[in-house]
Amino acid sequence: MATLLSSTSFLGFPFPKHFSSFSPLTDKRNSLRLNKETLLRYSCCVTKCSSSSTSVFTMSSGGGSYEKSKRVWIWTESKQVMTAAVERGWNTFIFLSNHRQLAIDWSSFSFINPLFIEEGEVLDGENNRVATIFEVSTPQELQQLQPENGQAENVIINLLDWQIIPAENIVAAFQGSRKTVLAISKTHSEAQIFLEALEHGLGGVVLKVEDVEAVIKLKEYCDRRNEATNLLSLTKAIVTRVQVAGMGDRVCVDLCSLMKPGEGLLVGSFARGLFLVHSECLESNYIASRPFRVNAGPVHAYVSIPGGRTCYLSELKAGEEVSVADQNGQLRTAIVGRVKIETRPLILVEAKRESDDQTVYSIFLQNAETVALIPPCEGNGLLKAAIPVTSLKVGDEVLLRIQGGARHTGIEIQEFIVEN
């Protein structure tokens, strides 16, 4: 599937030619025709945008097993929205046919890829069809969608009355199809619904907005999802100290998704080094398995959240997102469903990267058999069993995420800092 990142002003969907009840948006062809120089500039822009300005992010399932590239197209008449989109790498825009002059004006100071809506189709500057547009307002119209028709490769649908169920039906109908299906959304939250339907999501969205904030929030969402495409760099550390520490308020983080063996949250007393704390997904003689839970540590500890940021465990609450990592450094995002803070006995664990390293990394954890740290994989890549803190001893190997220690509101900054 192509990974062109573009922007549109309307979503449509290809329907069978014999299905006449659909009413695609139509525009009278505007008498304005671009001059040869402008057309050439548009044509070059389309070619370059197709190859170099793709803003593609990866969506993965809750278990991280499914990944697919997505497209984002923008439809706006606001110069501020256009500027915000271009600054974030989204530089293909769709215009109504009677707004060609606006496209020319924007092309004079920004490198954009303009497309135009004419008679229910989206055309490029050389009048090549890029996408087909349709409206869907009834279940009967939705049922008529066929991926095998002869419409354009990109199809855009405008769901007039509902969002989630039609999106799921479209994902199911077009799985395996070579067509890319997009849906029009008027807010960043609507766009997220379309991109996540049935885990797979539609092939992309058309963000139709006049509000800069919507572009910013959608880009932040895309960036968070992009993290799943990269392996996190984890470092082997040697345990140098294990000590019972007394009572403290510890935080259990319950997620809205399940974790598998080898997965957990990145937590630490200092942002400079976060330990990979295993979930309670393993079977135990002591308590039933809870694969949605990480007994993460006390209230003061840092936890990794999407966007390369951290927050305190005490700040987490239902609906927020955290970063889940595994032994191989594979990263994904999960939603917090519940946070429990209770007073429990704690144990202090300290570690260093090398035996002669002066930097100490530490974490407090509940002193219980169900709480464990994750070691590095075997040399052959096989996963090693998590080590319960009750069995942890000096010399054991654990995984750390090493990063900058100076933080301001969870964002890494460059400044002098000493933490002990």
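Asn295 is buried, its relative accessible area being 4%, and this places it under the 20% cut-off that defines the buried class. The model in which this residue is seen is a predicted one, and its 420 residues include 52% that count as buried.

**Asn295 and its surroundings**
- Asn295 belongs to strand β13, which covers residues 293-298.
- The side chain of Asn295 takes part in a polar contact with the side chain of Gln366 at 2.7 Å, and a polar contact of 3.4 Å links the side chain of Asn295 with that of Arg250.
- When neighbours within four places in sequence are set aside, the residues in contact with Asn295 are Arg250, Val251, Cys252, Val277, Glu280, Leu365, Gln366 and Val371.

**Strands β8 and β9**
- Strand β8, made up of residues 180-185, runs parallel to β9 and is joined to it by 4 bridges.
- Within this pairing, Ala183 stands opposite Val205 of β9.
- Strand β9, which spans residues 204-208, is mostly covered, since 4 of its 5 residues are buried.

**The protein as a whole**
- The secondary structure consists of 7 helices and 23 strands.
- Among contacts with a separation of 6 or more, 66% are between residues 24 or more positions apart.
- The accessible surface of the protein amounts to about 18,800 Å², and carbon and sulfur atoms account for 49% of it.

Key:
Residues numbered from 1 in each chain as written. Predicted model: local features only at pLDDT ≥ 70, side-chain atom pairs only at ≥ 80, totals over all residues. Heavy atoms only, no water. Buried < 20%, exposed > 50% of the residue type's maximum accessible area, 1.4 Å probe, protein only. Helix = DSSP H or I, 4+ residues; strand = E, 2+ residues; numbered from the N terminus. Pairing = 2+ DSSP bridges. Polar contact = N/O pair within 3.5 Å; in protein donor to acceptor, adjacent residues only side chain to side chain. Contact = heavy atoms within 4.5 Å. Areas by Shrake-Rupley, 256 points an atom, 1.4 Å probe, with all protein chains shown as cover.
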